[in-house]
Amino acid sequence: MRLADEITRQLGQLADHLSQLPPPQAVQVIARVLDPDTGVLGGVTHLVATGSVFAKDQAERGALPAEVWLALGRASNELGDITLDLDEHKDALKRVGAQPATTAAKPPAPAPLVVRRRR
């Protein structure tokens with residue numbers, strides 16, 4: 001329990017620090033957090049998947065309702081899908097994070113903020 005509480009506290013600290021970083025450094029942190037293999041999101045996805053396996057075992061024994069296992073399995077699958085969706089953008093994050101912190105002579109053209117998701 002202490003480990004879970006400490007990780008939660010540190011995630012809050014990370015979010016607070018992220019909001020105060022210059023854009024290139026913030027993008028570097030975001031890229032690291034979203035890394036599917038070594039990042040926080042990948043770790044949380046793995047944790048939820050592990051919880052799903054545990055819940056399945058407990059549901060089969062009658063200790064937990066099957067709905068708990070199904071909900072954790074669904075959450076694990078959705079987090080996995082989100083991780084894959086975000087992984088598609090890792091190169092863009094790395095590129096922006098590698099840019100120097102100095103201001104450019106000509107600011108980049110704004111991009112549309114509404115993008116249709118493909119399914």
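View 1. Glu6 is partly exposed, with a relative accessible area of 31% (buried means under 20%, exposed over 50%, and partly exposed in between, using a 1.4 Å probe and protein chains only). This is a predicted model, in which local features need pLDDT of at least 70, side-chain atom pairs count only at pLDDT 80 or more, and totals for chains, interfaces and linings use all residues. Residues are numbered from 1 along each chain as its sequence is written, and side-chain values use heavy atoms, with hydrogens and water left out. Glu6 makes a salt bridge with Arg9, with 2.4 Å between the closest N and O atoms; the term stands for a side-chain nitrogen of Lys or Arg within 4 Å of a carboxyl oxygen of Asp or Glu. Both residues sit in helix α1 (residues 2-18), three residues apart, or about one turn of the helix. Arg9 is also partly exposed, at 41% relative accessibility.

View 2. Helix α3 covers residues 40-60, 21 residues in total; helices here are DSSP runs of H or I with at least four residues, strands are runs of E with at least two, and both are numbered from the N terminus. From first C-alpha to last, α3 reaches 30 Å, close to the 30 Å expected at 1.5 Å a residue, where the expected span is 1.5 Å times one less than the number of residues. Take a look at the buried residues of α3, which include Leu41, Val48, Ala55 and Ala59. The buried residues of this helix pack against α2 (23-34) and α4 (66-87), a contact being heavy atoms within 4.5 Å.

View 3. Arg61 is exposed, with a relative accessible area of 63%, whereas Asp57 is partly exposed at 29%.

**View 4. Asp87 and Lys90.** Asp87 and Lys90 form another salt bridge, and their closest N and O atoms are 3.6 Å apart. Asp87 counts as partly exposed at 23% relative accessibility, and Lys90 does too, at 36%.

**View 5. Stepping back to the protein chain.** A search of the whole structure finds four salt bridges. The protein chain has five helices and zero strands, and buried residues make up 14% of its 119 residues. Among contacts with a separation of 6 or more, 55% join residues 24 or more positions apart.
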